[in-house]
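The following exercises are to be worked with the sequence and the model in view.

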Amino acid sequence: KNRWVDMDASDPVRNPAAAFAFGAMFDLPDDALVIVASDGHLGALSYGIAWGIKNPMTGQRIMPRDNMDVVAVTWLRQEWFRENVEDRYGQEGRIRLGAKTDDLADTVCETISLNLPHRPVYLDLKTVQMLREAGREPETGYGVQLMPVVSAD
């Protein structure tokens with residue numbers, strides 16, 4: 001039986017995705033770029049950004065955030081994603097992509113470096129761990145759900 005997830009669920013035990021998205025989006029600046037390696041984080045944040053999100057415990061609501069972007073780490077090397085971003089925003093637009101390299105960590109770090117001067121960048125823990133395992137050490141601040149990037153390796 002398929003179970004559809006209701007992002008406005010009133011029971012936080014039933015809906016950890018809504019609780020995560022609300023907690024993550026609550027403190028994010030409007031123009032943030034979020035890079036995630038977790039499909040669960042990608043889905044929950046994409047929904048919250050597009051439709052808004054309701055805190056399943058308190059009922060407080062965050063409205064849709066049209067000027068925020070969430071990107072999956074693996075998309076950074078996909079031609080379809082790169083073409084879509086360039087068509088929509090141009091090369092120096094809202095999302096600036098690093099060179100597509102064989103080393104995913106290099107592509108992620110370059111993307112972070114290109115975006116930091118004009119917008120805040122946040123990573124999920126899985127992305128930070130992937131970069132560290134590749135020998136990269138992005139400087140991050142403290143975050144409960146997502147970590148703000150201070151500088152790329």
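**Exercise 1.** Which residues does R65 touch, not counting residues up to four places away in sequence?

*Solution.* Two conventions come before the steps. The model is predicted, so local features need pLDDT of at least 70 and side-chain atom pairs count only at pLDDT 80 or more, while totals for chains, interfaces and linings use all residues. Residues are numbered from 1 along each chain as its sequence is written, and side-chain values use heavy atoms, with hydrogens and water left out.

Step 1. Locate R65 in the loop between β3 (61-62) and β4 (69-72). Helices (H or I, at least four residues) and strands (E, at least two) are DSSP runs, numbered from the N terminus.

Step 2. List the contacts, meaning heavy atoms within 4.5 Å: R65 touches M25, L28, P29, D30 and I49.

Step 3. Inspect the polar contact, a pair of N or O atoms within 3.5 Å; within protein, one must be able to donate a hydrogen and the other to accept it, and residues adjacent in sequence count only if both atoms are side-chain atoms. The side chain of R65 reaches the backbone oxygen of P29 at 3.4 Å.

Step 4. Classify the residue. Buried means under 20% relative accessible area, exposed over 50%, and partly exposed in between (1.4 Å probe, protein chains only). R65 counts as buried because its relative accessibility is 10%.

**Exercise 2.** Determine how α1 and α2 are arranged, and which residues make their contact.

*Solution.* Step 1. The axes of α1 (residues 16-26) and α2 (residues 39-51) come within 9 Å and cross at roughly 65°. Axes are lines fitted to C-alpha atoms, for helices over the stretch in contact, and angles run from 0 to 180 degrees between N-to-C directions.

Step 1. The two helices, α1 and α2, are therefore roughly perpendicular. Angles under 35 degrees count as roughly parallel, over 145 as roughly antiparallel, 65 to 115 as roughly perpendicular and the rest as oblique.

Step 2. The crossing of α1 and α2 is right-handed. A crossing is left-handed if the near helix is turned anticlockwise from the far one by less than a right angle, and right-handed if clockwise.

Step 3. On α1 the contact is made by A17, F20, A21, A24 and M25, and on α2 by H41, A44, L45, G48 and I49.

Step 4. Buried in α1 are A18, F20, A21, F22, A24 and M25. The buried residues of α1 pack against α2, β2 (53-54) and β3.
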